[in-house]
Amino acid sequence: MLYMVIEKFRAGAAAEVYQRARERGRRLPAGLEYIASWVDCDYTTCFQLMNTDDPALFEVWTQEWQDLVEFEIIPVRPSAEAAKLIESPAG
């Protein structure tokens, strides 16, 4: 399943977030897949698209970053899939 992860960097933490990522990597547990990310122009929020069949893995991963980042994790689906589900009689 796909998830949109919204990371709110703690005040002044953006540089440290990037430094830690450079030094240690993303620190993703096996089974949690990073797909892509986007960062706002003020370096306060990162939006990551991720994939996993086990949402409990987010707890393992966020523990590595919670001192620098607040997380919101939202299950999402592609728009084409959503449209198909809405249009179906059972939708």
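Select the charged side chains to begin: the mean positions of the 9 positive and 15 negative charges lie 3 Å apart. Here Lys and Arg count as positive and Asp and Glu as negative, while His and the chain ends are not counted; each charge is placed at NZ of Lys, CZ of Arg, CG of Asp or CD of Glu.

This is a predicted model, in which local features need pLDDT of at least 70, side-chain atom pairs count only at pLDDT 80 or more, and totals for chains, interfaces and linings use all residues. Residues are numbered from 1 along each chain as its sequence is written, and side-chain values use heavy atoms, with hydrogens and water left out.

Next, colour the protein by secondary structure. Helices (H or I, at least four residues) and strands (E, at least two) are DSSP runs, numbered from the N terminus.

Now select Phe9, Val17, Leu32, Met50, Phe58, Trp61 and Leu68, the residues with the most contacts inside the largest nonpolar core, which has 15 residues. At least two residues of this core come from each of β1 (2-9), α1 (14-24), β3 (45-51) and α2 (57-63). Such a core is a set of buried (under 20% relative accessible area, 1.4 Å probe, protein chains only) Ala, Val, Leu, Ile, Met, Phe, Trp, Tyr and Cys residues joined through side-chain atoms within 4.5 Å.

Finally, centre on Val17. Which residues does Val17 contact, leaving aside neighbours within four places in sequence? They are Phe9, Trp65, Leu68 and Val69, where contact means heavy atoms within 4.5 Å.

Methods: Buried means under 20% relative accessible area, exposed over 50%, partly exposed in between (1.4 Å probe, protein chains only).
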